[in-house]
Amino acid sequence: MRTIKAAVVVLAVVGGLAYYVWDYNTSPTGGKAKAEASASAAAEEAKTHDPEIGDCVKVADPQGKPLPTVVDCGSSEAEYKTGALLPGQDQECGAKYAYGIQYRNTRGFDYTLCFTKV
């Protein structure tokens, strides 16, 4: 009788684990889908802070670290327009630019983004 009870417990544990793995990987509201949606949302959010030449931005300055956010150029939020990307460390934007943000990358690609006032 003990052997049957032990077998039932083992089957219940294995069945519960199998269901969890199946649900995690296949359910549209399961863990894998949530993780993928979260990663996708994070990638989209990162794109909004990575302006390209010609993009208009508003700039927040949390804790002294400028954070440009891409906005529509016709928007009242638009403060600057991205004008140039200067590769290299400690580059200075010329007089025709109103604002610059220097980026230091741990992989060795340092650059400065230069902006004109909108």
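Let's start with Lys-58. Lys-58 is partly exposed, at 30% relative accessibility. By that I mean between the two cut-offs: buried is under 20% relative accessible area, exposed is over 50%, with a 1.4 Å probe and protein chains only.

Before I go on, a word on the source. This is a predicted model, where local features need pLDDT of at least 70, side-chain atom pairs count only at pLDDT 80 or more, and totals for chains, interfaces and linings use all residues. Residues are numbered from 1 along each chain as its sequence is written, and side-chain values use heavy atoms, with hydrogens and water left out.

Back to Lys-58. Which residue forms a salt bridge with Lys-58? Glu-77 does, and the closest N and O atoms are 3.0 Å apart. A salt bridge here is a side-chain nitrogen of Lys or Arg within 4 Å of a carboxyl oxygen of Asp or Glu. Lys-58 sits in strand 1 and Glu-77 in the loop between strand 2 (67–71) and strand 3, so the pair ties together parts that are 19 residues apart in sequence. Glu-77 is partly exposed as well, at 39% relative accessibility.

How many salt bridges does a search of the whole structure find? It finds 2. Asp-90 forms one with Arg-104, with the closest N and O atoms 2.6 Å apart. This pair links distant parts of the chain: Asp-90 is in the loop between strand 3 and strand 4, Arg-104 is in the loop between strand 4 and strand 5, and they are 14 residues apart. Asp-90 counts as partly exposed, at 47% relative accessibility.

Look at the backbone of Asp-90 too. Its phi is near 55°, a positive value in a residue other than glycine. Most residues other than glycine have a negative phi.

Now the overall layout. The protein has 2 helices and 5 strands. Along the sequence the pattern reads α-α-β-β-β-β-β. These are DSSP runs numbered from the N terminus: H or I over at least four residues for helices, E over at least two for strands.

How do the strands pair? Pairing needs at least two DSSP bridges between two strands. Strand 3 and strand 5 run antiparallel, joined by 7 bridges. In that pairing, Ala-84 stands opposite Cys-114 in strand 5. Strand 1 and strand 3 also run antiparallel, with 2 bridges. There, Cys-56 has Lys-81 of strand 3 as its bridge partner.

Next, the inside. Which residues make the largest nonpolar core? There are 7: Val-57, Val-59, Tyr-80, Ile-101, Tyr-111, Leu-113 and Phe-115. A nonpolar core is a set of buried Ala, Val, Leu, Ile, Met, Phe, Trp, Tyr and Cys residues joined through side-chain atoms within 4.5 Å. Strand 1 (56–60) and strand 5 (111–117) each supply at least two of its residues. Strand 5 gives the most, with 3. In soluble globular proteins, nonpolar side chains tend to be buried together.

Tyr-80 lies in strand 3 and is buried, with a relative accessible area of 14%. Leaving aside neighbours within four places in sequence, Tyr-80 is in contact (heavy atoms within 4.5 Å) with residues including Val-57, Val-59, Phe-115 and Val-118. Tyr-80 and Val-118 are 38 residues apart in sequence, yet 5.0 Å apart in space, C-alpha to C-alpha.

Is Thr-82 buried or exposed? Thr-82 counts as buried, at 3% relative accessibility. Thr-82 is in strand 3, residues 80–87. Beyond four places in sequence, Thr-82 touches residues including Pro-51, Val-57, Leu-113 and Phe-115. Leu-113 in turn touches Thr-82, Ala-84, Cys-93 and Ile-101, among others.

Leu-17, Tyr-20 and Val-21 make a nonpolar surface patch of about 320 Å². Patch residues have over 30% relative accessible area and no salt bridge; like charges are joined within 9 Å, nonpolar side chains (Val, Leu, Ile, Met, Phe, Trp, Tyr) within 5 Å. Val-21 lies in helix 1, residues 2–26. Val-21 is partly exposed, with a relative accessible area of 41%.

Last, the totals. Of the 118 residues, 18% count as buried. The accessible surface comes to about 8,600 Å², and 58% of it belongs to carbon and sulfur atoms. Those areas come from the Shrake-Rupley method with a 1.4 Å probe; for residues, only the protein chains shown count as cover.
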